[in-house]
Amino acid sequence: QVQLVESGGGLVQAGGSLRLSCAASGRTFSRDTMGWFRQAPGKEREFVAATRWSGSSTYYADPVKGRFTISRLSAKNTVYLRMNSLKPEDTAIYYCAASGKNLCGSSCTIDPGRYEYWGQGTQVTVSS
C-alpha cells in the first residue's frame with residue numbers, strides 16, 4: 001500500500017524559507033514521477049514542481065521557478081521541496097503526489113489527474 005506523508009509546512013514571513021518533505025513508502029519508487037501541487041482556498045489544485053525519482057528530469061511552474069527546488073534522497077525514500085523567497089501568494093495546502101509512469105519528457109505533466117497517489121497535504125502560510 002503506497003503512502004505519501006508530507007511534513008514541514010508552517011507559518012513564515014514573506015521572504016522566508018521552508019523545506020517540505022514527502023516520505024514515500026509501500027513499494028519501490030525508482031521509476032516514479034514525483035510531484036508537488038498546491039491548493040489555495042477557493043482555487044483549483046495547481047502544479048508546482050515535478051521530478052523523476054531517478055533525478056533525470058525536473059520541471060517547475062513559472063510562478064515558482066528560481067525560488068523553489070525539488071529534490072529527492074533515495075536512501076530515505078523522501079522527496080523535498082525547498083521554498084525560498086516565499087510570497088503571500090504561495091500560501092496554500094501543499095500536496096505530494098506520485099505516479100508509476102514517466103510523466104516527464106522535455107517537461108513534466110502538470111495535470112494532477114495523471115498522478116495515482118497523494119499525500120494528505122501540509123499547510124504553508126506566508127504572512128506579509
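An open sheet is formed by 4 strands in the order 1-3-8-7, with antiparallel pairing; strands here are DSSP runs of E of at least two residues, numbered from the N terminus, and two of them pair if DSSP finds at least two bridges between them. Strand 1 (3-7) and strand 7 (68-73) stand at the edges with a single partner strand each, so one side of each has no neighbour in the sheet. From one strand to the next the twist averages 15°, taken between N-to-C directions of lines fitted to C-alpha atoms, on a scale from 0 to 180 degrees. The model is predicted: local features need pLDDT of at least 70, side-chain atom pairs count only at pLDDT 80 or more, and totals for chains, interfaces and linings use all residues. Residues are numbered from 1 along each chain as its sequence is written, and side-chain values use heavy atoms, with hydrogens and water left out.

Strands 1 and 3 run antiparallel and are joined by 5 bridges. Within this pairing, Glu6 stands opposite Cys22 of strand 3. Cys22 also forms a disulfide with Cys96, the sulfur atoms being 2.0 Å apart; the criterion is a pair of cysteine sulfur atoms within 2.5 Å. Because Cys22 lies in strand 3 and Cys96 in strand 9 (residues 92-99), the pair ties together parts that are 74 residues apart in sequence. Cys22 is buried at 0% relative accessibility, where buried means under 20% relative accessible area (1.4 Å probe, protein chains only).

A disulfide also joins Cys104 to Cys108. The torsion about its S-S bond is about 105°, so this disulfide is right-handed, whereas the link of Cys22 and Cys96, at -75°, is left-handed.

Terms used:
Buried < 20%, exposed > 50% of the residue type's maximum accessible area, 1.4 Å probe, protein only.
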